[in-house]
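Q: I have a chain open and would like to go through it with you. Can we start with the overall picture and then look at single residues?

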Amino acid sequence: MNTVIPILPQEASVLVQQEEAILIDVREKDEFLSAYVKNSILCPLSKIKKANPAILKKLAEHKNTNWIFFCRNGVRALQAATALASQAENNVYHVEGGLVQWKKEGLPVVQRGTLIRTLIPLLSVGAFLLCYYFYIKLH
């Protein structure tokens with residue numbers, strides 16, 4: 001069985017950029033969709049625990065590559081890495097501090113919904129002004 005190795009986000013980023021490892025996000029889909037690291041593979045811990053065939057197949061496609069697991073703050077990543085270490089051919093890592101630390105170190109993250117969250121209040125004000133304009137015009 002492979003030993004799970006802790007790794008800092010910056011080190012993980014370098015390994016992934018050099019194509020020496022794949023980044024495996026073990027958060028749930030809704031968490032992943034709100035913010036994720038580009039080119040990471042979603043393999044939720046809940047599905048790993050159930051030995052989901054699709055997840056295991058996805059990982060088997062990369063068994064000869066180093067695996068780097070991460071989650072929000074590192075706890076689930078360590079659980080997933082420990083559970084799957086025996087199936088890996090190379091090193092198995094878990095990102096210390098997870099996505100929270102990844103962001104703190106200024107590493108790139110794809111944020112979903114940021115534009116929409118910014119526009120909704122503006123659209124609300126715009127809609128109000130438009131309604132008010134027509135109310136004044138008609139009265």
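Q: What share of the contacts in the chain with a separation of 6 or more comes from residues 24 or more positions apart?
A: The share is 67%. Keep in mind that this is a predicted model.

Q: How many helices and strands are there?
A: The chain has seven helices and seven strands. In sequence order they run β-α-β-α-β-β-α-α-β-α-β-α-β-α.

Q: And how much of the chain counts as buried?
A: Of its 139 residues, 34% count as buried. The accessible surface of the chain is about 8,700 Å², and carbon and sulfur atoms make up 59% of that area.

Q: Switching to charges. How many salt bridges does the structure hold?
A: There are two. One joins the side chains of R27 and D25, at 2.7 Å from N to O. The other joins E31 and R76, with an N to O distance of 2.9 Å.

Q: Where do E31 and R76 lie?
A: E31 is in helix α2, residues 29-34, and R76 is in helix α5, residues 75-84. The pair therefore ties together parts of the chain that are 45 residues apart in sequence.

Q: Are R27 and D25 buried or exposed?
A: Both R27 and D25 are buried.

Q: What about E31, how accessible is that one?
A: E31 has 22% relative accessibility, so it counts as partly exposed. The cut-off for buried is under 20%.

Q: Which residues form the positive surface patch?
A: The patch is made up of K29, K47, K50 and K58.

Q: Where is K47 found?
A: K47 sits in helix α3, which covers residues 45-49. With a relative accessible area of 40%, K47 is partly exposed.

Q: New topic: H94. Which strand is it in?
A: H94 belongs to strand β6, residues 92-95.

Q: Why does H94 count as buried?
A: Because its relative accessibility is 10%, and buried means under 20%.

Q: What is H94 in contact with, leaving aside neighbours within four places in sequence?
A: H94 is in contact with V4, I5, P6 and I7, and also with F69, G74, A77, L78 and A81.

Q: And L8, how many residues separate it from H94 along the chain?
A: L8 and H94 are 86 residues apart along the chain, while their C-alpha atoms are separated by 8.4 Å.

Definitions and conventions
Residues are numbered from 1 along each chain as its sequence is written. This is a predicted model: local features need pLDDT of at least 70, side-chain atom pairs count only at pLDDT 80 or more; totals for chains, interfaces and linings use all residues. Side-chain values use heavy atoms; hydrogens and water are left out. Patches are made of residues with over 30% relative accessible area and no salt bridge: like charges are joined within 9 Å, nonpolar side chains (Val, Leu, Ile, Met, Phe, Trp, Tyr) within 5 Å. Accessible areas come from the Shrake-Rupley method with a 1.4 Å probe; for residues, only the protein chains shown count as cover. A salt bridge is a side-chain nitrogen of Lys or Arg within 4 Å of a carboxyl oxygen of Asp or Glu. Lys and Arg count as positive and Asp and Glu as negative; His and the chain ends are not counted. The place of a charge is taken as NZ of Lys, CZ of Arg, CG of Asp or CD of Glu. Helices (H or I, at least four residues) and strands (E, at least two) are DSSP runs, numbered from the N terminus. Buried means under 20% relative accessible area, exposed over 50%, partly exposed in between (1.4 Å probe, protein chains only). Contact means heavy atoms within 4.5 Å.
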